[in-house]
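Here is my note on the model you asked about, point by point. Please keep the sequence and the structure open while you read.

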Amino acid sequence: MASHSHTGHMPTSGKALVISAWLTGIYFVIELMVGLWTGSIAVLSDAFHTLSAVGGVLVAIVAQRIARRPADPQRSFGWYRAEIIGALVNGGFLLGMALLVIWMGVMRLGNPIHLPTGPMLWVAFGGLVTEIISLGLMSVSYTHLTLPTTCTPCSCGWAGGGVIG
């Protein structure tokens with residue numbers, strides 16, 4: 001049991017994460033510009049949400065690199081918990097952004113304005129396309145996950161999905 005390792009159980013999608021971060025980052029800039037141009041709190045709040053997605057992907061990339069460190073006597077699962085800490089950091093950022101959007105919305109209630117819907121619909125469509133591309137990249141990356149043949153789901157408690165290659 002001393003040579004038993006949990007390495008290889010987590011899907012690795014480094015390239016997909018980097019491409020997704022770039023796509024989402026570019027989309028964030030576009031969405032932020034349209035939100036400022038139209039004055040739409042909805043578009044601005046989604047831009048902040050997109051920023052949190054970019055931050056989340058960057059945190060995931062860093063956490064993934066940390067999680068690749070091998071297991072040692074103190075950490076039988078290695079550094080995989082770094083990904084959990086990364087998710088916690090992203091959640092804190094989302095909470096801060098949500099509070100900011102609520103504050104902006106309350107301020108807008110006292111001074112409503114007419115907003116053009118055309119640019120907002122185009123931005124929404126762009127976001128959908130960006131998410132579909134990112135999902136496709138992550139899905140292809142996850143599909144190519146290969147499990148070690150020396151460790152079965154029953155023998156070490158791993159119960160994740162994936163294609164055994």
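**Notes on the fold and its surface**

1. Residues 24 or more positions apart account for 69% of the contacts in the protein with a separation of 6 or more, a contact being heavy atoms within 4.5 Å. Please bear in mind that this is a predicted model, where local features need pLDDT of at least 70 and side-chain atom pairs count only at pLDDT 80 or more, while totals for chains, interfaces and linings use all residues. Residues are numbered from 1 along each chain as its sequence is written, and side-chain values use heavy atoms, leaving out hydrogens and water.

2. The protein has five helices and zero strands, in the order α-α-α-α-α along the sequence. Helices (H or I, at least four residues) and strands (E, at least two) are DSSP runs, numbered from the N terminus. Of the 165 residues, 30% count as buried; buried means under 20% relative accessible area, exposed over 50%, and partly exposed in between, with a 1.4 Å probe and protein chains only. The protein exposes about 10600 Å², with carbon and sulfur atoms supplying 74% of it; the areas come from the Shrake-Rupley method with a 1.4 Å probe, and for residues only the protein chains shown count as cover.

3. Helix α1 covers residues 14-38. Its end C-alpha atoms are 36 Å apart, in agreement with the 36 Å that its 25 residues should span at 1.5 Å a residue; the expected span is 1.5 Å times one less than the number of residues. Its buried residues include Ala 16, Leu 17, Tyr 27, Phe 28 and Glu 31. Ser 20, also in α1, counts as buried because its relative accessible area is 7%. Leaving aside residues up to four places away in sequence, Ser 20 touches Val 57 and Ser 134.

4. What follows α1? Gly 39 does, with a positive phi near 80°. Ser 40 sits in the loop between α1 and α2 and is buried, since its relative accessible area is 1%. Not counting residues up to four places away in sequence, Ser 40 touches Gly 35, Leu 115 and Met 120. Ser 40 and His 114 are 74 residues apart in sequence, yet 9.2 Å apart in space, C-alpha to C-alpha.

5. Ile 26 lies in helix α1 and counts as partly exposed because its relative accessibility is 48%.

6. Helix α3 (residues 81-109) has 29 residues and reaches 42 Å from its first C-alpha to its last, close to the 42 Å expected. Which residues of α3 are buried? They are Ala 82, Gly 86, Asn 90, Met 97 and Met 104, and their cover includes α2 (41-67).

7. Finally, the structure holds one aromatic pair. Rings of Phe, Tyr and Trp (its six-membered ring) pair if their centres lie within 6.5 Å; planes under 30 degrees apart count as stacked, over 60 as edge-to-face and the rest as tilted. Both residues lie in helix α4 (residues 117-143), three residues apart, about one turn of the helix. Trp 122 counts as exposed because its relative accessibility is 64%, whereas Phe 125 is partly exposed at 49%.
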